[in-house]
Amino acid sequence: MGVIEAHRERLPVGAETPELSLGEGGTPLVAVPNLGDQLGVELHVKLEGLNPTGSFKDRGMVVAVAKAVEAGARAVVCASTGNTAASAAAYAARAGLQAVVLTPVGAVATAKRAQSVAAGARLLDVAGSFDEALRACRALAEQDGFVLVNSLNPHRVEGQKTAVFELLDQLGRAPDVIALPYGGGGNLCAFAKGLAEAGAPTLLVAGEAAARPTTFASAIRIAEPAHEQEVQALVAAGRAEIVTLADDELQRAWADLAREGVFCEPASAAGLAALRRRGVEPGSLAVCILTGHGLKDAAAVDRLQVEPTVVEPSLEAILEVLA
């Protein structure tokens, strides 16, 4: 069951909206007790990287593309550092639409680029930043037949808010804190919307990279957050807090999650890093949203500088190394 079928009554869809789905949603919620003990809280992670294209983007993309089909679009367009591109390409292919993807030159992880190419997207490298690519996409979307499917499209936010409803069902109550990455801010706004609709008083804690334009966490390598004004309004209302993080803090949190058996892409660890920096009330119930799978940016593992160990193919040699 996909997002549209599972949450139809909470989404802006009607009888004319196609039942588009790749099986998105329904992602696991997993306890991480070792990390929770370090923080003095009950800690869980929601594995949004187990959506069909490996990231949380699928929740909103399925709604945005379905509404584009309903509106008679011939193509969807997006700017992306990778995950949006992969998701847009997959859902456009499923819906029979063309996907046009603008990416900053050299800024997209190989796996994400491969997903977009394999799904048949028209991939254009922009000689500029993500923000410049997004401005170009917005201009293209003004042309007849094109629909923008970045998170500025409100249908994206509507779809992404469904993670909140799942989370509340899985826990049986509202958590005290939800922590997640802050790149463009669309997912933060989606979680705020979902919590408001559910009447949950949960605080949102969002981790952003201090070196936004250059961070190794490529999924949040966004200098100018598209939803910055909305995010600042959430902060002013006491519903959200922003924590600015150095890359070494992101890297440590990312490695620690992997050692709990949870392999996410580096940007996904921003929520955990933010909770560590901020601190959490002892005994709280906290959830980190892990937005993308680790295989999305496997090359980032090189930063851990783990050199391979070569051994002779004998039991004695292996035991000697292990000793």
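**View 1. Buried Glu158 and its salt-bridge partner in the predicted model.** Glu158 has a relative accessible area of 14% and is therefore buried. In this predicted model, Glu158 forms a salt bridge with Lys161, and the closest N and O atoms of the pair are 2.6 Å apart. Lys161 is likewise assigned as buried, because its relative accessible area is 1%. Side chains of opposite charge can pair when their charged atoms come close.

View 2. Glu241 and Arg278 form a salt bridge in which the closest N and O atoms lie 2.5 Å apart. This pair links distant parts of the chain, with Glu241 in strand 9 (residues 240–245) and Arg278 in helix 12 (residues 270–278), 37 residues apart. Glu241 counts as partly exposed at 30% relative accessibility, and Arg278 is partly exposed with a relative accessible area of 35%.

View 3. The salt bridge of Arg276 with Asp256 brings the closest N and O atoms to 2.6 Å. Distant parts of the chain are linked here: Arg276 belongs to helix 12 and Asp256 to helix 11 (residues 247–258), 20 residues apart. Arg276 counts as partly exposed at 21% relative accessibility, whereas Asp256, at 17%, counts as buried. Elsewhere, salt bridges with shared partners join Lys46, Glu48, Arg59 and Glu166 into one network. The structure holds 19 salt bridges.

**View 4. The surroundings of His7.** His7 is located in the loop between helix 1 (3–6) and strand 1 (29–31). With a relative accessibility of 10%, His7 counts as buried. Residues up to four places away in sequence aside, His7 touches Thr162, Phe165 and Glu166.

View 5. Four strands in the order 5-4-3-6 make up an open sheet with parallel pairing. Strand 5 (122–126) and strand 6 (146–148) are the edge strands, each pairing on one side only. From one strand to the next, the twist averages 25 degrees. Strand 3 (residues 75–79) pairs with strand 6 in the parallel sense over 3 bridges, and Val76 stands opposite Val147 in strand 6. Helix 6 (residues 130–140) lies across strand 3, strand 4 (98–104), strand 5 and strand 6, and runs at about 155 degrees to strand 3.

**View 6. A nonpolar patch on the surface.** Val311, Leu315, Ile318, Leu319, Val321 and Leu322 form this patch, and together they have about 560 Å² of accessible area. Val311 is placed in the loop between strand 10 (285–290) and helix 13 (315–322). The relative accessible area of Val311 is 35%, so this residue is partly exposed.

Terms used:
Residues are numbered from 1 along each chain as its sequence is written. This is a predicted model: local features need pLDDT of at least 70, side-chain atom pairs count only at pLDDT 80 or more; totals for chains, interfaces and linings use all residues. Side-chain values use heavy atoms; hydrogens and water are left out. Two strands pair if DSSP finds at least two bridges between them. Helices (H or I, at least four residues) and strands (E, at least two) are DSSP runs, numbered from the N terminus. Axes are lines fitted to C-alpha atoms, for helices over the stretch in contact, and angles run from 0 to 180 degrees between N-to-C directions. Contact means heavy atoms within 4.5 Å. Patches are made of residues with over 30% relative accessible area and no salt bridge: like charges are joined within 9 Å, nonpolar side chains (Val, Leu, Ile, Met, Phe, Trp, Tyr) within 5 Å. Accessible areas come from the Shrake-Rupley method with a 1.4 Å probe; for residues, only the protein chains shown count as cover. A salt bridge is a side-chain nitrogen of Lys or Arg within 4 Å of a carboxyl oxygen of Asp or Glu. Buried means under 20% relative accessible area, exposed over 50%, partly exposed in between (1.4 Å probe, protein chains only).
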